[in-house]
Amino acid sequence: MPWLLIKFSLPRAHVASVADALEACDALSVTVESASDEQRLQSALEETPLWNENRVVGLFPEHTDSEAVLDAVRAALNTSNIPRGEVSQLDDADWARAWMANYRPLQISPRLWICPSWCAPPDPSAVNLHLDPGLAFGTGTHPTTALCLRWLSEQPCAGKTVIDYGCGSGIVAIAALMLGAARAIGVDVDPQALAVSRENAARNGVGERYRACAPHGLGPEERADLLVANILAGTLIALAAEIAQRVKPGGHVALSGILPEQAEEVRRRYASDFALQSNEQEGWILLAGQRLH
Ligand SMILES: C[S@@+](CC[C@H](N)C(=O)[O-])C[C@H]1O[C@@H](n2cnc3c(N)ncnc32)[C@H](O)[C@@H]1O
């Protein structure tokens, strides 16, 4: 399914109002990025970095009424003279790259934080995974990722083998390693994600226990104690047999990237191997459970 991007180039003073207006219009994500090569102006904890010229990008489902969104932004700025909104389509292949937003330290669980490298960890004694926005999906801010990380931090990871199917930035695999997993494999169809995830693993000091490969790079016998897959529902359904057979008997799976109306179908496709329970966050579902046999 293609998606709709609505972008505005804005001075700092208007960023918060426009971002709020896009969220109020049910944007799936709102990203603030530099509109030029300019360096970040501020880096204080709990603040979204802003530039003199900012690009605010809202990601919407394909059939969103873009005129209604532009009207809402106009109303939020209380002027008819708003910067021109640029409306474009985003193909499925690029959807994962559009979710990068709100880079600030993020507490996933009492013991796990995701921190941009420019912020001091709020709790230095916690497990602090350092990750900067990059082209690969996975900064922890998206609910589908946050659901995976929270689930993972509730699992005993020590000594376990983990597969992060659809690894993007590698955030899930790296978190597993930092929580004590013995080794983790990141799998992705996007070569850029494989490269970025390797870099991120090395930057967090777990590169030696991390391997990244394309799906065909997994050995026939390669199986995990914990397998996390944050991919779209359609892909989870298409990959059901492959994902199920990658989990050891007694191992656990967590499936994310699922909308509520898709959850029953995904659950049905995995029912012969797993009894799946659901968790919900901000309209996204994670299905997780233990392998039955
Ligand atoms: C939503 S991102 C998840 C990234 C990260 N694991 C997270 O939780 O934030 C989904 C990733 O799955 C990858 N992907 C899509 N289809 C795939 C497939 N058939 N096999 C492996 N990876 C796939 C995409 O390239 C993308 O990096």
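Modeller: Asp-164 faces Val-228, a residue of β11. The model is predicted: local features need pLDDT of at least 70, side-chain atom pairs count only at pLDDT 80 or more, and totals for chains, interfaces and linings use all residues. Residues are numbered from 1 along each chain as its sequence is written, and side-chain values use heavy atoms, with hydrogens and water left out.

Biologist: In which sense do strand β8 and strand β11 pair?

Modeller: Strands are DSSP runs of E with at least two residues, and helices are runs of H or I with at least four, numbered from the N terminus. Two strands pair if DSSP finds at least two bridges between them. Here β8 (residues 161-165) and β11 (residues 224-230) are parallel, joined over four bridges.

Biologist: What is the order of the strands in the open sheet?

Modeller: The seven strands follow β10-β9-β8-β11-β12-β14-β13, with mixed pairing. β10 (210-213) and β13 (277-281) each have a single partner strand, so one side of each lacks a neighbour in the sheet.

Biologist: How many aromatic pairs does the structure hold?

Modeller: Rings of Phe, Tyr and Trp (its six-membered ring) pair if their centres lie within 6.5 Å; planes under 30 degrees apart count as stacked, over 60 as edge-to-face and the rest as tilted. There is one such pair. The ring centres of Tyr-270 and Phe-274 are 6.4 Å apart with planes at 50 degrees, so this pair is tilted.

Biologist: Is Tyr-270 buried or exposed?

Modeller: Buried means under 20% relative accessible area, exposed over 50%, partly exposed in between (1.4 Å probe, protein chains only). Tyr-270 is buried because its relative accessibility is 1%; Phe-274, at 3%, also counts as buried.
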